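Please keep the sequence and the structure in view while reading.

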Amino acid sequence: MSGLTGLLNSLPASAAKRLDDGLAQLGLTVTTHQREQLLGFVALLHKWNKAYNLTAVREVDEMVSRHVLDSAAVAPYVQGPALLDVGAGPGLPGIVLAILNPALAVTLVDSNGKKVRFQRQAIMELALENVTASQARVEQFKDQAFDQVISRAFASLVDFVTLTRELPAANGQWLAMKGPGADDELRELPSGIRLQTRHLLKVPFETAERQLLILNPRKELSK
């Protein structure tokens, strides 16, 4: 794990403190190894971002809160065991969720080659055996079924569920991470898809409103 050690040494102490404080605020307990993997992911993202422009967030501490803690905030609602992260970008939230729950089988899908290359590098360097990165369009997964399909910044709610309509398993769910203003999108949902639950998220060190919308493709099971 010498490579991981080198990554950790590249981070300022403030990043580790922000991660520790944020996880505590979220009520999440991690092992020493999981903590190192989360910090290693931040270090890799910061390193690659200089050349590949993977995210508009430039500061390490902001990456911890706006990416890692934001992703970690939905961990209590992710059971899997098979999770598809649609439009995963540099691996968010899928890689963070995979680190927090090694029992998850996480598939990342994105059509952007440089972002998928970063995903694969992160998977290798962080030794994540429960994550698969795919450079593809989501339509190519139509013959597979996932317990949960998640999106953090993929598209509008309508586009998200329409493009992935066949992907949740019979009792599966969509998990849509959204900011404010999702009510208009909810009103435009296709028939047969309903909001099951809404969870307001408090992301440590962030003031912007965040929420998780859990949708069910089976109308009779919706609330």
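Helix H4 (residues 60-72) supplies four residues to the lining of the largest pocket, the largest share. The model is predicted.

**The largest pocket**

- The space in the largest pocket amounts to about 230 Å³.
- This pocket is lined by 13 residues, and those closest to its centre are Arg66, His67, Asp70, Arg152 and Arg210.
- Sorted by class, the lining of the largest pocket consists of five nonpolar, three polar and five charged residues.

**The second largest pocket**

- The second largest pocket holds about 180 Å³ of space.
- Its lining includes Leu54, Thr55 and His67, a run from Gly87 through Ala88 and Gly89 to Pro90, and also Leu92, Lys115, Arg152, Ala153 and Phe154.
- By class, six nonpolar, four polar and two charged residues make up the lining of the second largest pocket.
- His67 and Arg152 are among the residues closest to the centre of the largest pocket, and His67 and Arg152 also line the second largest pocket.

**Helix H3**

- Helix H3 covers residues 32-52, and its 21 residues should span 30 Å at 1.5 Å a residue; the C-alpha atoms at its ends are 30 Å apart, which agrees with that expectation.
- Buried residues of H3 include Gln34, the stretch of Gln37, Leu38, Leu39, Gly40, Phe41, Val42, Ala43, Leu44 and Leu45, and also Trp48 and Asn49.
- In an α-helix there are 3.6 residues a turn, so residues three or four places apart point the same way.

**Ser71, in helix H4**

- Ser71 is located in helix H4.
- Ser71 counts as buried because its relative accessibility is 0%, and the cut-off for buried is under 20%.
- Leaving aside residues up to four places away in sequence, Ser71 touches Leu92, Pro93, Val96, Leu97, Arg152 and Met177.
- Two of these contacts, Leu92 and Arg152, belong to the lining of the second largest pocket.

**Pro76, in a loop**

- Pro76 lies in the loop between H4 and strand E1 (82-86).
- Pro76 is partly exposed because its relative accessible area is 49%, whereas exposed would require over 50%.
- Pro76 and Leu26 are 50 residues apart along the chain, and their C-alpha atoms are separated by 9.6 Å.

Definitions and conventions:
Residues numbered from 1 in each chain as written. Predicted model: local features only at pLDDT ≥ 70, side-chain atom pairs only at ≥ 80, totals over all residues. Heavy atoms only, no water. Helix = DSSP H or I, 4+ residues; strand = E, 2+ residues; numbered from the N terminus. Expected span 1.5 Å × (residues − 1). Buried < 20%, exposed > 50% of the residue type's maximum accessible area, 1.4 Å probe, protein only. 1 Å grid on protein atoms, 1.4 Å probe; cavity = no way out; pocket = protein on both sides within 12 Å on 5 of 7 lines; lining within 4 Å. Points joined across faces, edges and corners; volume = space filled by probe spheres on them. Nonpolar A, V, L, I, M, F, W, Y, C, P; charged D, E, K, R; others polar. Contact = heavy atoms within 4.5 Å.
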